[in-house]
Amino acid sequence: MGAAPLIAVVRWARAALATGAAALELDVPDPDQAGGAAPGALRDDGAVQRDWRAWCDLAEELRCRIHTPAALPDGGVRLRLTPLGPEARWHGGAAGRERYAEAAGFGAVRKLEHPGFLLPLLAALERVRPPDRGRVLVLGCHRGDEIEALGWLEPPPSELEVVGVDHAAGPLAEARSRFGGARFLEHDVNELPADLGRFHLAIAIDVLQGPQVDDKLVLRRLVQRHLLPSGRLVLGLPNSRFRGGEVVWGARTRNYREPDLSLVVRDLAAHRRYLQQHGFVTHVGGRYDLLLCACRRARPGA
Ligand SMILES: C[S@@+](CC[C@H](N)C(=O)[O-])C[C@H]1O[C@@H](n2cnc3c(N)ncnc32)[C@H](O)[C@@H]1O
């Protein structure tokens, strides 16, 4: 496969997977031996030089896991790809309160241990950084990962007053044991208690598109009832799915095999438009979660 153009590799791999192959093996030039060659450059021996990211991207596009490669005596490497298997059950499960509560399901996911989640999240939190002693509201807080990430800002904002809201009791119990200083409410985000007060920062990651959530209503109420005049927001919409224990880029609409970003783009654009109309400057970043940050536009003379 070393000399084959990428399109030939892709067609070979797809044909093999379509016939139910349990694994694909490709012998290719060692990506570490590129010696500064441009990606895809032809080497003197006629083989195509590709970098590790290219092989990882190929595996992801084929919905495969890429295994630790084996070194070959000729200086090349043997890559092994195996199908990832079906999507995690929580993506399509019943729309119950405990959909994300199963300890062995979403409860076992550690997004903060994946660079594609962690680094964009930290960048977003830095953009909307709350002040010391600020009030922070976290909707759909689950086991409290966003609270943990706030503590990893450098320097971390001190003495934050954090309120986490989720309707699933199990993850909330875990959040309570992790963050003794925060307050957690078992509550529906559509009907936040009126006496919650106003916050310097509201965070809602991967909750607004939930089947039981009226996203526009929740955003409107956040802005009108729960943010201080200088209050900021970070909203996250999922742009990934979990398959066989790995995260795969791209939102997917029910009943479609291929990623389709139509809904996430539509919702993101609607939230961004609403926030801009209400005096916020916005920024969109992220990778596996798309992250919309919103800060109040400074008033002239303020
Ligand atoms: C996909 S998880 C996201 C958890 C966390 N924010 C993260 O990004 O890792 C969605 C969370 O929102 C909660 N949730 C969904 N709909 C809700 C609702 N109507 N009211 C309160 N919590 C809700 C779920 O229980 C779950 O903990």
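The largest nonpolar core has 53 residues, and Val136, Val138, Leu139, Ala202, Ile203 and Val234 touch the most other members. A nonpolar core here is a set of buried Ala, Val, Leu, Ile, Met, Phe, Trp, Tyr and Cys residues joined through C-beta atoms within 7 Å. Buried means that 20 or more other C-beta atoms lie within 10 Å of a residue's own, exposed means 12 or fewer, and partly exposed is in between, with C-beta atoms placed from the backbone. The model is predicted: local features need pLDDT of at least 70, side-chain atom pairs count only at pLDDT 80 or more, and totals for chains, interfaces and linings use all residues. Residues are numbered from 1 along each chain as its sequence is written.

- Not counting residues up to four places away in sequence, Val234 touches Ala124, Leu125, Val128, Ile203, Leu291 and Cys293; contact requires C-beta atoms, placed from the backbone, within 7 Å.
- Another core, of 10 residues, lies apart from the largest one and includes Val9, Ala13, Val77 and Leu79.
- In soluble globular proteins, nonpolar side chains tend to be buried together.

**Overall**
- The protein has 8 helices and 13 strands, which are DSSP runs numbered from the N terminus (helices: H or I, at least four residues; strands: E, at least two).
- Of its 302 residues, 31% count as buried.
- Among contacts with a separation of 6 or more, 62% join residues 24 or more positions apart.
- Taken along the principal axes, the C-alpha atoms fill a box of roughly 70 × 45 × 35 Å.

**Ligand shell**
- There are 18 residues around the ligand, of which Gly140, His142, His167, Ala168 and Gly210 come nearest; a residue is near if its C-beta atom, placed from the backbone, lies within 6 Å.
- The shell has 7 nonpolar, 6 polar and 5 charged residues.
- Ala, Val, Leu, Ile, Met, Phe, Trp, Tyr, Cys and Pro count as nonpolar, Asp, Glu, Lys and Arg as charged, and the others, Gly among them, as polar.
- His142 lies in the loop between strand 5 (135-139) and helix 5, and is buried because 24 other C-beta atoms lie within 10 Å.

**Helix 8**
- Helix 8 (residues 262-277) has 16 residues and reaches 22 Å from its first C-alpha to its last, close to the 22 Å expected at 1.5 Å a residue, where the expected span is 1.5 Å times one less than the number of residues.
- Its buried residues are Val264, Leu268, His271 and Leu275.
- Seen down the axis, these buried residues fall within an arc of 70°, so they line one face of helix 8; the arc is that of the directions from the helix axis to the C-beta atoms.
- The face turned away from the buried side of helix 8 carries the exposed residues Ser262, Arg266, Ala269, Arg273 and Gln277.
- The cover over the buried residues of helix 8 includes helix 7 (215-226), strand 9 (227-238), strand 12 (280-286) and strand 13 (289-296).

**Backbone and loops**
- Most residues other than glycine have a negative phi, and most peptide bonds are trans.
- His142 has a positive phi, near 50°.
- Glu159, in the loop between helix 5 and strand 6, has a positive phi near 55°.
- A cis peptide bond, with omega about -5°, joins Glu154 and Pro155.
- Arg252, in the loop between strand 11 (246-249) and helix 8, counts as buried because it has 21 C-beta neighbours inside 10 Å.

Key. Two residues are in contact if their C-beta atoms, placed from the backbone, lie within 7 Å.
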